[in-house]
Amino acid sequence: MFTRSITLDALHSFSQNTISDHLGIEFTEIGNDYITARMPVDKRTHQPFGILHGGASVVLAETLGSIASFLCLPDPEKQHAVGLEINANHIRSAKTGFVYGTVRPIHLGRTTHIWDIKITNEESKLVCISRLTVAIVNADR
């Protein structure tokens with residue numbers, strides 16, 4: 001599915017000085033058709049009531065889907081993968097530890113990619129489910 005091989009270290013280098021870096025998102029696994037990352041649940045990702053902010057979950061989801069689309073591009077010199085639409089259903093709260101997001105494809109077309117992202121807690125219980133649609137556009141846009 002991915003058009004090129006990449007290491008976890010290379011994925012981490014993409015995130016330097018970005019919101020992903022600021023929130024502590026770390027890529028943990030790359031499979032044939034998925035990528036997994038973890039994000040701490042702490043003061044960086046809490047909302048005022050001391051639980052995981054839904055927006056932080058959306059950042060994790062969009063980070064995973066965007067990177068996955070980038071890795072599927074046939075010609076990343078001439079193409080960009082940009083978020084078009086994202087939704088998220090928040091199932092349960094998290095107060096501490098880490099949440100883990102895993103992205104898998106739903107549709108990989110020529111002009112759009114659609115991704116399913118499931119975010120779980122350390123007990124593998126579903127915290128959030130998200131769907132991201134990515135537009136594949138010419139790099140000169």
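1. Tyrosine 100 counts as partly exposed, since its relative accessibility is 26%. Phenylalanine 98 also counts as partly exposed, at 22% relative accessibility. The structure in which both are found is a predicted model, and the two residues are taken up again under point 6.

2. How many helices and strands does the protein chain have? Its secondary structure comes to three helices and six strands. Read from the N terminus, the order of the elements is α-α-β-β-α-β-β-β-β. The radius of gyration of the protein chain is 15 Å, close to the 14 Å that the globule rule gives for 141 residues, so the chain is as compact as a globular protein of that length. Along the principal axes, the C-alpha trace spans about 45 × 30 × 25 Å.

3. Of the 141 residues in the protein chain, 38% are buried. Among contacts with a separation of 6 or more, 60% are made by residues 24 or more positions apart.

4. The surface and the charges may be described together. The protein chain has an accessible surface of about 7700 Å², and carbon and sulfur atoms account for 49% of that surface. The chain carries 13 positive and 14 negative side chains, and the centres of these two sets are 5 Å apart.

5. A pair of aromatic rings is described by the distance of the centres and the angle of the planes. A search of the whole structure finds two aromatic pairs. One of them joins phenylalanine 14 and phenylalanine 70 in an edge-to-face arrangement, with 5.5 Å from centre to centre and 80° between the planes. Phenylalanine 14 belongs to helix H1 (residues 8–14) and phenylalanine 70 to helix H3 (residues 54–72), so this pair ties together parts that are 56 residues apart in sequence. Phenylalanine 14 is partly exposed, with a relative accessible area of 41%. Phenylalanine 70 is partly exposed as well, with a relative accessible area of 28%.

6. The rings of phenylalanine 98 and tyrosine 100 also form a pair. Their centres are 6.5 Å apart and their planes stand at 45°, so the pair is tilted.

7. Helix H3 also holds serine 57. Is this serine buried or exposed? Serine 57 has a relative accessible area of 2% and is therefore buried, the cut-off for a buried residue being under 20%. When its neighbours within four places in sequence are left aside, serine 57 is in contact with Met39, Leu52, His90, Ile119 and Cys128.

8. Glycine 54 is another residue of helix H3. Its relative accessible area is 23%, so glycine 54 is partly exposed. Glycine 54 and serine 93 are 39 residues apart in sequence, and their C-alpha atoms are 9.1 Å apart in space.

9. Threonine 28 has its place in strand S1 (residues 26–30). With a relative accessible area of 34%, threonine 28 is partly exposed. Which residues does threonine 28 contact, leaving aside its neighbours within four places in sequence? They are Leu8, Thr36, Ala37 and Arg38. Between the C-alpha atoms of threonine 28 and leucine 8 the separation is 6.9 Å, while the two residues are 20 residues apart along the chain.

10. The backbone calls for a remark on phi. Most residues other than glycine have a negative phi, and most peptide bonds are trans. Asparagine 17 is not a glycine, yet its phi is positive, at about 60°. This asparagine is placed in the loop between H1 and helix H2 (19–23). At 75% relative accessibility, asparagine 17 counts as exposed.

11. Serine 124 likewise has a positive phi, near 65°, in a residue other than glycine. Where is serine 124 found? Its place is the loop between strand S5 (112–120) and strand S6 (126–138). Serine 124 counts as exposed, at 60% relative accessibility.

Terms used
Residues numbered from 1 in each chain as written. Predicted model: local features only at pLDDT ≥ 70, side-chain atom pairs only at ≥ 80, totals over all residues. Heavy atoms only, no water. Helix = DSSP H or I, 4+ residues; strand = E, 2+ residues; numbered from the N terminus. Rg over C-alpha atoms; globule rule 2.2 N^0.38 Å. Buried < 20%, exposed > 50% of the residue type's maximum accessible area, 1.4 Å probe, protein only. Contact = heavy atoms within 4.5 Å. Areas by Shrake-Rupley, 256 points an atom, 1.4 Å probe, with all protein chains shown as cover. Lys, Arg positive; Asp, Glu negative; His and termini not counted. Charge placed at Lys NZ, Arg CZ, Asp CG, Glu CD. Phe/Tyr/Trp six-rings, centres within 6.5 Å; stacked < 30°, edge-to-face > 60°.
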